[in-house]
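Please examine the sequence and the three-dimensional structure shown below.

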Amino acid sequence: ACNEDSSIWVLSKKDTTVALMTGDSTDQTLQSALNNYSVVGPIVQKLSHHGINSLYFSAETQKIISPHILVVSVDKAHYNSDMQSLVDTLGQAGNTQIIHFTFQGDFTYHF
């Protein structure tokens with residue numbers, strides 16, 4: 001019905017969760033989906049580009065998801081130190097090893 005209830009997509013290959021795309025869903029919507037479908041440990045999680053704030057993501061949820069790679073779709077004009085700080089916090093909570101911002105260049109994952 002609204003942007004914050006965006007589709008949440010999961011790409012799996014056999015028993016591996018390859019990617020979690022959260023659209024612009026809020027943290028509450030994402031937690032509800034996780035409770036219903038138990039998606040954890042994706043290789044890649046793409047965060048929404050304009051949802052980088054506490055309404056959209058929380059350290060608690062990232063700890064559950066625990067992605068290997070976080071991809072943040074944002075251009076340099078909309079990037080700021082507050083966003084970097086929040087994304088760093090999310091990455092630490094989920095034990096994420098790589099954080100990639102799209103202004104760093106294209107992101108490609110081969111499996």
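This is a predicted model: local features need pLDDT of at least 70, side-chain atom pairs count only at pLDDT 80 or more; totals for chains, interfaces and linings use all residues.

The buried residues of helix α1 pack against strand β3 (44-47) and helix α2 (59-65). Contact here means heavy atoms within 4.5 Å. Residues are numbered from 1 along each chain as its sequence is written, and side-chain values use heavy atoms, with hydrogens and water left out.

Which residues of α1 are buried? In this helix, which covers residues 27-37, they are D27, L30, A33 and L34. Seen down the axis of α1, these buried residues fall within an arc of 125 degrees, so they line one face of the helix; the arc is that of the directions from the helix axis to the C-beta atoms. On the other side of α1, Q28, N35 and N36 are exposed. A residue is called buried under 20% relative accessible area, exposed over 50%, and partly exposed in between, with a 1.4 Å probe and protein chains only. S38 follows α1 and has a positive phi, near 55 degrees.

The strands form an open sheet of five, in the order β1-β2-β3-β4-β5, with mixed pairing. Its edge strands are β1 and β5 (98-101), each of which pairs on one side only. On average, neighbouring strands of this sheet are turned by 15 degrees against each other, direction ignored; axes are lines fitted to C-alpha atoms, for helices over the stretch in contact, and angles run from 0 to 180 degrees between N-to-C directions. Two strands pair if DSSP finds at least two bridges between them. Strands of a sheet pair through backbone hydrogen bonds, either parallel or antiparallel.

Both senses of pairing can be followed here. β1 and β2 run antiparallel and are joined by five bridges, and S12 has T17 in β2 as its bridge partner. These two strands form a hairpin with two residues between them. K14 lies in the loop between β1 (9-13) and β2 (16-21); its phi is positive, about 55 degrees, although K14 is not a glycine. With a relative accessible area of 81%, K14 is exposed. T17, by contrast, counts as buried at 16% relative accessibility. Leaving aside neighbours within four places in sequence, the contacts of T17 include V10, L11, V39 and I43.

S66 is another residue other than glycine with a positive phi, near 50 degrees, and it is partly exposed, with a relative accessible area of 30%.

In soluble globular proteins, nonpolar side chains tend to be buried together. The largest nonpolar core of this model has ten residues: L47, Y56, F57, L70, V72, V74, M83, V87, L90 and F101. Such a core is a set of buried Ala, Val, Leu, Ile, Met, Phe, Trp, Tyr and Cys residues joined through side-chain atoms within 4.5 Å. β4 and α3 (81-93) are the elements that give two or more residues to this core, and α3 supplies the largest share, three residues. Apart from it lies another core, of six residues, among them A19, I43, I69 and V71.

Y79, F101 and F103 form one aromatic cluster. Rings of Phe, Tyr and Trp (its six-membered ring) pair if their centres lie within 6.5 Å; planes under 30 degrees apart count as stacked, over 60 as edge-to-face and the rest as tilted. By this rule there are three aromatic pairs. The ring centres of F101 and F103 are 5.5 Å apart and their planes stand at 25 degrees, so this pair is stacked. F101 is buried, with a relative accessible area of 4%, whereas F103 counts as partly exposed at 29%.

Definitions and conventions:
Helices (H or I, at least four residues) and strands (E, at least two) are DSSP runs, numbered from the N terminus.
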